[in-house]
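Let's take a friendly walk through this complex, from its domains to its chain contacts and then to one helix in particular. Keep the viewer open as you read.

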Amino acid sequence: MEKNNVLKSWVEQYSEPLLKRAAYVLSDKDTAKDIVQDVFLAAFSSYESFEGKSKPLTWLMAILNRKVSDFYRKKYQSEPHITLDHFFDETGSWNNNEVLNDWDSSGKETHLLDDDDFNTTLEDCIEDLPSRWKIPLKMYYLQEKKAQEVSQELEISTTNLWKILQRSRLQLRECLDNNWFKKS
Amino acid sequence: MLKKFIHLLFLPCSEATLLMEKQNAGAISKTENRRLMLHLKICKWCRAYQQKLKILDDILKRKCSHKKETEINPSDIQEFKNKIAGKLDL
């Protein structure tokens, strides 16, 4: 009976942080609910392996990570096809001079995030990325840029992770340039 | 024309920007780093991009770090809790 009581209190206490994190990484609340449900089912069936060495939430978050990775792997089994045509010409040179635009940001990045409008613009730009890139990008930053770990979990090569980060960042630069820096 | 020539000879910008990701993550090899440095010396576009990459990295580090969450409304969370409790027969 003890197990049931512990699980019950976990569901009560940790559903919220787990759901919020999952919804952030997956950019979809319904998928997040399905995945967190799997987390609790897994926690229930492997409860005996939880030794109390870490905090319950840490343990559950680790399970969540694995479930997100499973989801990603199943959804994107083939090698990603990443094209840079939008940014570079056939010789690999920049297509235009936009990259030279002045961001006038020396030392101001700290303040940028204090600006609600900037935060909204940034979030919109991130959400505009396809989920195939967005999920690794978010996991990369959530896990403090541990490239090796993220690529192992998602079962993508590190080379592909670099390509995904490169492609995402090129797009984020363009998006922020168009929607923020050019306007302010 | 000169720009194209130089870029092809050393390292195209499309690859330099990939090496920047590896450099940014501390995963660049010495040879790659030398090639990238040489490229940056002669390419003002990539120099400009590298600056922006650093700004983006800094913003994303702060923005997407540990506490990152998406808001979900309380009634959805309650509904979810009930559903799970039911499923697990708690």
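Domain bounds, as used here, come from an automatic or database domain assignment. For chain A, that assignment gives domain 1 (2-75) and domain 2 (98-181). Please keep in mind that this is a predicted model.

**The two domains of chain A**

The C-alpha centres of domain 1 and domain 2 of chain A are 26 Å apart. Where they meet, seven residues of domain 1 of chain A are in contact with nine residues of domain 2 of chain A. On the domain 1 side, α1 (2-26) and α3 (56-75) of chain A are the elements that give two or more residues. The most comes from α3(A), with four residues.

**Where chain B meets chain A**

How many residues of chain B are in contact with chain A? There are 41, and they touch 44 residues of chain A. On the chain B side, α1, α2, α4 (44-63) and α5 (74-88) of chain B each supply at least two residues. The largest share, 13 residues, comes from α4(B).

Here is the make-up of the two contact sides by residue class:

| Contact side | Nonpolar | Polar | Charged |
|---|---|---|---|
| Domain 1 of chain A, touching domain 2 of chain A | three residues | three residues | one residue |

**A covered helix in chain A**

Now find helix α6 (residues 131-142) of chain A. Its twelve residues reach 16 Å from the first C-alpha to the last, close to the 16 Å expected at 1.5 Å a residue. Is α6(A) mostly covered or mostly open? Mostly covered: nine of its twelve residues are buried. Among them are A:W133, A:I135, A:P136 and A:K138, as well as A:Y140 and A:Y141. The buried residues of α6(A) pack against α1, α3, α7 (147-154) and α8 (158-181) of chain A, and also against α4 of chain B. Just after α6(A), A:E144 takes a positive phi of about 50°.

**How confident is the predictor?**

For the complex, the predictor gives an ipTM of 0.87 and a pTM of 0.87. Chain B averages a pLDDT of 88, with 87% of the residues scoring at least 70. Among the elements of chain B, helix α2 (residues 13-24) has the highest mean pLDDT (96), while helix α1 (residues 2-10) has the lowest (62). Where pLDDT is low, the predicted coordinates should not be read in detail.

Terms used
Residues are numbered from 1 along each chain as its sequence is written. Chains are lettered from A and ligands numbered from 1 in the order in which they are written. This is a predicted model: local features need pLDDT of at least 70, side-chain atom pairs count only at pLDDT 80 or more; totals for chains, interfaces and linings use all residues. pLDDT is the predictor's confidence in each residue, from 0 to 100. Two residues are in contact if their C-beta atoms, placed from the backbone, lie within 7 Å. Ala, Val, Leu, Ile, Met, Phe, Trp, Tyr, Cys and Pro count as nonpolar, Asp, Glu, Lys and Arg as charged, and the others, Gly among them, as polar. The expected span of a helix is 1.5 Å times one less than its number of residues. A residue is buried if 20 or more other C-beta atoms lie within 10 Å of its own, exposed if 12 or fewer, and partly exposed in between; C-beta atoms are placed from the backbone.
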